[in-house]
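The points can be taken one at a time, with the viewer open.

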Protein chains: 2
Amino acid sequence: MSEKKRRQPNPANRAAATAASFSASKKSKLPTTTKTSSHAHSLRSQLKPDSEILASLQKLYSEHQKPAKAKTLTLTDLNLTSKCRVVSDLDASSVSLSIERVVLDIAHSILGGRGFSFDVPSRSASNQMYVPELDRIVLKDKSSARQFANLSTVRKATITSLVYGVLERNIHVTKRDLFYTDVKLFQDQSQSDAVLDDVSCMLGCTRSSLHVVASEKGVVVGRLIFTDDGDQIDCTKMGIGGKAIPPNIDRVGNLESDALFILLVEKDAAFMRLAEDRFYNRFPCIIVTAKGQPDVATRLFLRRMKTELKLPVLALVDSDPYGLKILSVYMCGSKNMSYDSSNLTTPDIKWLGVRPSDLDKYQIPEQCRLPMTDQDVKAGKDLLEEDFVKKNKGWVKELELMVKTRKKAEIQALSSFGFQYLTEVYLPLKIQDQDWL
Amino acid sequence: MSEKKRRQPNPANRAAATAASFSASKKSKLPTTTKTSSHAHSLRSQLKPDSEILASLQKLYSEHQKPAKAKTLTLTDLNLTSKCRVVSDLDASSVSLSIERVVLDIAHSILGGRGFSFDVPSRSASNQMYVPELDRIVLKDKSSARQFANLSTVRKATITSLVYGVLERNIHVTKRDLFYTDVKLFQDQSQSDAVLDDVSCMLGCTRSSLHVVASEKGVVVGRLIFTDDGDQIDCTKMGIGGKAIPPNIDRVGNLESDALFILLVEKDAAFMRLAEDRFYNRFPCIIVTAKGQPDVATRLFLRRMKTELKLPVLALVDSDPYGLKILSVYMCGSKNMSYDSSNLTTPDIKWLGVRPSDLDKYQIPEQCRLPMTDQDVKAGKDLLEEDFVKKNKGWVKELELMVKTRKKAEIQALSSFGFQYLTEVYLPLKIQDQDWL
């Protein structure tokens with residue numbers, strides 16, 4: 001069907017023609033499509049046969065398939081294990097075990113007359129650092145022993161015990177559920193959420209290992225087969241809506257794919273366009289979006305795909321500081337969950353577009369380029385100070401251009417060349433030219 | 001698997017016990033679970049065998065299956081067709097046709113020396129009314145002829161022509177895409193959105209007939225099989241994440257189900273609980289949520305299920321004015337899309353819970369009942385003035401109780417009795433007692 005669609009004439013021209021017949025006397029009011037379709041057409045003509053475009057993907061793909069020459073560094077390689085606090089994915093029984101161990105330690109401490117206390121890790125900004133070799137934020141090992149008298153210790157005890165019950169039952173719960181088990185104790189959810197993060201630090205396991213999940217927003221479609229709680233999901237048969245990404249990653253398994261890359265999309269409007277045009281049939285790929293700010297479930301899912309399938313990840317985000325900020329969350333993690341960055345982050349995501357330099361390169365019409373507010377510009381300048389940007393010369397240049405021109409543009413701005421310009425011209429051309437950073 | 005889970009002991013007690021061993025000296029700080037588990041247990045013991053609970057569902061189900069005695073009224077029956085403006089679902093070719101008809105009319109009007117003008121329907125509040133017989137808001141027929149000189153006419157011409165192109169191409173686009181075809185003309189998206197609604201009024205077809213879709217948020221899981229753009233989706237095999245509801249309803253088809261009812265859930269936390277426990281295996285149902293405010297895609301999907309499968313709809317929302325407001329959007333539609341209320345609304349949704357009277361009935365702990373703000377109370381009082389509430393005595397009583405006690409509670413408040421209390425006790429008991437309004 002997507003084949004059929006692609007062979008039909010460009011709707012933009014058709015629409016524009018109709019519009020012309022409507023508002024002949026108001027030239028300046030014509031849809032942008034007519035004014036720029038000539039240019040859009042010229043770019044279209046630059047497209048080589050799909051076989052040649054696929055070749056450049058094949059190249060990228062095989063680079064990612066071959067075992068990395070230099071093995072990926074760990075905190076151990078950098079002798080940082082003693083200086084950093086990291087958590088790992090543990091199965092339910094191991095987590096239960098380490099909870100029981102904590103309880104025992106406490107018993108000993110009490111019998112030893114040292115009272116009831118927890119060793120509480122500090123997750124303050126001052127206790128976090130970016131490790132360039134790892135290209136992610138990690139948590140340092142500063143921590144303090146809190147006496148039982150301390151309310152936060154009671155909160156930890158409670159959360160820990162509740163988690164123990166959840167694991168025993170082999171179910172999953174939300175942060176909101178945990179909060180509601182004792183509203184009086186936690187007062188507001190930010191409290192129980194924070195305690196929860198402390199507890200996973202303390203137990204040295206990921207939050208997903210505690211079977212506590214956040215609500216998921218992400219959807220996936222394309223060349224991927226996986227099991228969700230035992231059900232086999234074929235993402236080439238998920239229509240246009242796609243498959244909702246499961247909140248509990250530990251119930252996800254058996255990933256299989258014949259895709260050449262993963263296309264990470266910021267917004268669901270672009271996702272819908274790609275899904276309806278079955279872009280993944282023309283260029284074998286897995287298309288995923290978190291519909292804006294990435295949620296934990298989508299970040300875990302992306303990492304699983306990247307590591308298990310060894311696929312390159314190409315990102316399509318708005319050309320504004322927030323588009324890049326979103327990329328940074330996928331790549332380096334967010335500060336408040338730095339202790340879990342090794343499991344949540346997906347290194348080496350390529351910035352495919354929409355990039356500031358694309359605005360001129362693809363002659364995005366002036367009125368589709370929005371002026372950046374002072375706040376936008378500040379956000380852009382702040383990003384230029386971030387290590388993960390600095391280490392990528394190409395990104396620095398693009399960001400500098402954005403801040404200089406003070407112009408931003410959304411992915412949807414490409415609709416000004418016709419609604420399917422994204423899937424029929426922009427993306428194929430980008431891939432053909434291997435135009436990613 | 002859900003079978004297995006159900007047979008295991010209540011995690012709340014287990015967790016509470018562990019907590020007790022932790023914080024023995026701090027009784028008042030114990031999770032609520034211990035304090036109330038005795039009551040929770042007494043309710044659990046009231047549960048009859050599933051076969052008897054299913055019987056009450058079977059009864060509800062068959063009531064909905066038999067053809068309605070009094071055929072559902074239409075505007076025609078009420079002689080309101082001349083006074084109201086309604087739209088209907090049209091296929092692409094019919095819409096294209098009516099667009100061409102509009103163009104012809106305009107041509108005639110020009111040749112007749114009457115110039116280029118549109119008949120623009122008014123969608124102002126003053127032009128809307130609630131029709132009790134239909135139990136929904138409808139748009140009255142006030143409209144005004146606008147001359148071409150008028151900017152809004154140019155906008156309509158442009159949108160209409162773009163839609164024409166979209167239909168010709170047999171694709172779907174988002175409102176955002178439409179806006180970006182001519183940012184200069186529309187200035188901001190609220191403009192192009194409004195024009196879009198005007199155009200569907202003018203053409204007498206639904207917005208989905210124009211192939212313009214909003215982004216979807218909804219997910220569905222349970223005893224439903226349907227096709228999404230030709231792909232067959234079996235919602236009993238969608239794991240815990242569920243299937244994302246497609247943005248374009250016209251690509252949805254072939255609905256089949258052996259469910260006895262549809263369970264409409266306000267929040268995704270409750271959805272996840274129900275999905276993980278495979279509630280639909282114990283009580284055959286289709287579980288759907290829009291994750292908060294209902295989006296158009298989910299509303300259309302719910303209506304399709306209700307009308308094609310003739311299933312009763314039971315709603316699980318927070319016990320606060322917004323929970324009920326959300327119900328009202330599903331049932332009576334939102335004011336700004338009143339012209340499409342017949343296609344967007346699902347009449348006769350039963351309010352299962354959480355209802356204000358449940359707070360005492362299920363002894364929801366005090367600290368899980370949140371005080372209503374003055375704004376909440378006002379929202380509650382406003383609802384008492386709404387016709388769709390007035391016509392349901394039971395709802396009025398519940399709302400009056402809410403406003404009187406000034407207490408609200410979320411669905412998650414039930415977690416204070418154990419995380420699976422919702423699926424194992426609360427819902428089965430509600431269904432067993434046919435406790436819906």
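Before the points, one definition: two strands pair if DSSP finds at least two bridges between them. Helices (H or I, at least four residues) and strands (E, at least two) are themselves DSSP runs, numbered from the N terminus.

1. First, what you are looking at. This is a predicted model, in which local features need pLDDT of at least 70 and side-chain atom pairs count only at pLDDT 80 or more, while totals for chains, interfaces and linings use all residues. Residues are numbered from 1 along each chain as its sequence is written, chains are lettered from A and ligands numbered from 1 in the order in which they are written, and side-chain values use heavy atoms, with hydrogens and water left out.

2. Chain A as a whole. Chain A has 19 helices and 18 strands. Of its 437 residues, 62% are buried; buried means under 20% relative accessible area, exposed over 50%, and partly exposed in between (1.4 Å probe, protein chains only). Among the contacts in chain A with a separation of 6 or more, 76% are between residues 24 or more positions apart. A contact here means heavy atoms within 4.5 Å.

3. Three strands form an open sheet in the order β10-β9-β12 (chain A), with antiparallel pairing. Its edge strands are β10 (231-234) and β12 (252-256) of chain A, each of which pairs on one side only. On average, neighbouring strands of this sheet are turned by 20 degrees against each other, direction ignored. Strand β9 (residues 225-228) of chain A and β12(A) are joined by three bridges, and D228(A) stands opposite V252(A) in β12(A). Helix α12 (residues 296-309) of chain A lies across β9 and β12 of chain A, at about 45 degrees to β12(A). For such angles, axes are lines fitted to C-alpha atoms, for helices over the stretch in contact, and the values run from 0 to 180 degrees between N-to-C directions.

4. The corresponding labels in chain B. Strand β9 (residues 225-228) of chain B pairs in the antiparallel sense with strand β10 (residues 231-234) of chain B over four bridges, and also with strand β12 (residues 252-256) of chain B over three bridges. T227(B) is a handy landmark: it stands opposite Q232(B) in β10(B) and opposite G253(B) in β12(B). The hairpin of β9(B) and β10(B) has two residues between the strands, and D229(B) in the turn has a positive phi of about 55 degrees.

5. Strand β4 of chain B. How many of the five residues of strand β4 (residues 136-140) of chain B are buried? Four of the five are, and the strand is mostly covered. Strand β1 (residues 84-85) of chain B pairs with β4(B) in the antiparallel sense over two bridges, and R85(B) has L139(B) as its bridge partner. Strand β3 (residues 128-131) of chain B runs antiparallel to β4(B) and is joined to it by four bridges, with Y130(B) opposite I137(B). β3(B) and β4(B) form a hairpin with four residues between them, and D135(B) in the turn has a positive phi of about 60 degrees.

6. Two helices in chain A. The axes of helix α13 (residues 321-332) of chain A and helix α18 (residues 393-405) of chain A come within 11 Å and cross at roughly 155 degrees. That makes α13(A) roughly antiparallel to α18(A); angles under 35 degrees count as roughly parallel, over 145 as roughly antiparallel, 65 to 115 as roughly perpendicular and the rest as oblique. P321(A), L324(A), L327(A) and M331(A) of α13(A) meet W395(A), L399(A) and M402(A) of α18(A).

7. An annotated residue. UniProt, in an unreviewed entry, lists Y180(A) for "active site"; such annotations may be inferred rather than shown by experiment, feature names are shortened, and positions are given in the numbering used here. Is Y180(A) buried or exposed? Y180(A) is buried, with a relative accessible area of 0%. Y180(A) lies in helix α7 (residues 175-180) of chain A and touches residues of chain B, including C368(B), E410(B) and S416(B).

Definitions and conventions
Lists of a residue's contacts leave out its neighbours within four places in sequence.
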